[in-house]
Amino acid sequence: MRFLLASILLVMLVFVIKVDLQEGTIPLASFYNETIPCEPKEEFSYVSVQVMEDDTIYSLFSATPSPIHMTFPERLSKFYELNPHLQLQTLVAGETILIPLRLTSKETCSK
């Protein structure tokens, strides 16, 4: 008799744990928010520059300073977004590239 009760309790416990792990105890509807928050969208302006002999990315950033403060890694990531072909190659003299100047953030709401 004890074996039968222990087996039934064990099966019920396993079933409850299985349902809890697969479906959860909190309804999924409570996680959905009907209002969609606005997300800031970053836009940046840039200037086109022709590369001269012995130019580096750092020297080009120094020659065209940003009007607002941007850290070097931020500016470098924007530089590679504008010039994806330069991620695996060096600067070539005579090539025209785009240098990011400033970030502006605008809020955009999408549904």
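Q: How many aromatic pairs does the count come to in this predicted model?

A: A pair of aromatic rings is characterised by the distance of the centres and the angle of the planes. In this predicted model, the count comes to four aromatic pairs.

Q: Why is the pair of F61 and F79 classed as edge-to-face?

A: Planes over 60 degrees apart count as edge-to-face. The planes of F61 and F79 stand at 85°, with the ring centres 5.8 Å apart, so this pair is edge-to-face. The two residues belong to distant parts of the chain: F61 lies in helix α2 (residues 57-63) and F79 in helix α3 (residues 72-82), 18 residues apart.

Q: Are F61 and F79 buried or exposed?

A: The term buried applies under 20% relative accessible area. F61 has 6% relative accessibility and therefore counts as buried. F79, at 0%, counts as buried too.

Q: What geometry does the pair of F79 and Y80 have?

A: F79 and Y80 form an edge-to-face pair, with 5.4 Å from centre to centre and 65° between the planes. Y80 has a relative accessible area of 24%, so Y80 is partly exposed.

Q: Which residue lies over the face of F61?

A: That residue is R75, at 4.6 Å from the ring centre of F61.

Q: Which residues form a nonpolar patch on the surface?

A: The patch consists of M1, L4, L5, I8, L9 and M12, which together have about 680 Å² of accessible area. One of these residues, M12, lies in helix α1 (residues 2-22).

Q: In what order do the elements of the protein chain run?

A: The protein chain has three helices and two strands. From the N terminus on, these elements run α-β-α-α-β.

Q: What share of the contacts joins residues at least 24 apart?

A: The reference set is the contacts between residues at least 6 apart in sequence; in the protein chain, 72% of these join residues at least 24 apart.

Notes. Residues numbered from 1 in each chain as written. Predicted model: local features only at pLDDT ≥ 70, side-chain atom pairs only at ≥ 80, totals over all residues. Heavy atoms only, no water. Helix = DSSP H or I, 4+ residues; strand = E, 2+ residues; numbered from the N terminus. Contact = heavy atoms within 4.5 Å. Phe/Tyr/Trp six-rings, centres within 6.5 Å; stacked < 30°, edge-to-face > 60°. Buried < 20%, exposed > 50% of the residue type's maximum accessible area, 1.4 Å probe, protein only. Lys NZ or Arg CZ within 6 Å of the ring centre and 35° of its normal. Patch = residues over 30% accessible without salt bridge, like charges linked within 9 Å, V, L, I, M, F, W, Y side chains within 5 Å. Areas by Shrake-Rupley, 256 points an atom, 1.4 Å probe, with all protein chains shown as cover. Salt bridge = Lys/Arg side-chain N within 4 Å of Asp/Glu carboxyl O.
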